[in-house]
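I opened this model to go through its strands, its core and its pockets in turn. My notes follow in the order in which I looked things up.

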Amino acid sequence: MSDLVPVAERLRRRTRPLRFAPPVTHVYAPLDYAWAPHRLYLERYGAGPREILLVGMNPGPFGMAQNGIPFGDTAMVRGWLGIEAPVERPRREHPKRPVLGFAMTRSEVSGARLWGWARERFGTPDRFFRRAFVWNYCPLSFMSGSGRNVTPDKLPRAEREPLFAACDEALAAVIACLQPAKVVGVGAFAARRAAPLAEAAGADCGTVPHPSPASPAANRGWPGIFEDALLDLGIELDPPSS
């Protein structure tokens, strides 16, 4: 068993009792209802140490919220990572955001970009995961009554503090398990949360642009921008897979 499995189990236990007020009306916890594929991901790819830890923010509605895998575009998770397992339903499901598990056909653009880059650069998952691992800082997805995504940084302080305490503890444990030289926040929020934990562990921390289609820069050749940012952090890349 990967050392990360008990880390994720503790994180889901610590976040279960948390409650959130409007505008949040629905909270999805994929570490509960999509635990089977998430555990497969940790067991298959989460044994350390690693040179690079990439840290995302929280589950996207068409990615990890569907299948439990960070940046979990269905086609990439099934077709490239080789992971598929039963997914249950959230305790309270938003009618505009059904959880279809591996039947989800809508692409998670951020995940298609990130895992698609890894496939093009490294060829096989084993080659990628020998150097890197991907973890989401927060395991919960938040929605308003309209179904709009609410990001963790927009929560009130009283709700953020216990959530972030659990997430900080988990990320510190992941860093201790994987012993990365570089902790890389995918987006500014993840980098801000990761920086003090990386520093405490003696790792460098930096930021790379998020692949979200909401970012105009990401829509203008994100893989090249991403690779330039990695190089600026002193991360040398393998030649592209042939």
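I began with strand β6 (residues 182-186), where five of the five residues are buried, so the strand is largely enclosed by the rest of the structure. Here buried means under 20% relative accessible area, exposed over 50% and partly exposed in between, with a 1.4 Å probe and protein chains only. Strands (E, at least two residues) and helices (H or I, at least four) are DSSP runs numbered from the N terminus. I must keep in mind that this is a predicted model, in which local features need pLDDT of at least 70 and side-chain atom pairs count only at pLDDT 80 or more, while totals for chains, interfaces and linings use all residues. Residues are numbered from 1 along each chain as its sequence is written, and side-chain values use heavy atoms, with hydrogens and water left out.

I then checked the faces of β6, and both are covered: Lys182, Val184 and Val186 are buried on one side, and Val183 and Gly185 on the other. In a regular strand the side chains alternate between the two faces of the sheet.

Which strands pair with β6? Taking two strands as paired if DSSP finds at least two bridges between them, I found that β2 (residues 52-56) runs parallel to β6 and is joined to it by four bridges, with Leu54 as the bridge partner of Val184. Five bridges join β6 to β7, again in parallel, and there Val186 is partnered by Val208.

Pro211 counts as buried because its relative accessibility is 0%. Counting heavy atoms within 4.5 Å as contact, and leaving aside neighbours within four places in sequence, I listed Phe71, Ser110, Arg113, Val186, Ala218 and Trp222 as touching Pro211.

I next looked up an open sheet of three strands, which has the order β1-β4-β5 with antiparallel pairing. Its edge strands, each pairing on one side only, are β1 and β5 (149-150). Strand β4 (residues 141-144) meets β5 over two bridges, and Phe142 stands opposite Val150.

For the nonpolar core I used sets of buried Ala, Val, Leu, Ile, Met, Phe, Trp, Tyr and Cys residues joined through side-chain atoms within 4.5 Å. The largest such core has 69 residues, and those touching the most other members are Tyr41, Leu53, Trp115, Phe128, Phe133, Trp135 and Leu163. Helix α8 (residues 157-178) gives the most to this core, with nine residues. Apart from it lies another core, of six residues, among them Tyr28 and Val99.

Last came the pockets, each an open set of points on a 1 Å grid over the protein atoms alone, where a 1.4 Å probe fits and protein lies on both sides within 12 Å along at least five of seven lines; lining residues have an atom within 4 Å of a point. I noted a volume of about 590 Å³ for the largest pocket, volume being the space filled by probe spheres set on the points, which are joined across faces, edges and corners. Of its 28 lining residues, Glu108, Ser110, Asn149, His210 and Ser212 are the closest to the centre. Helix α9 gives the most to this lining, with three residues.
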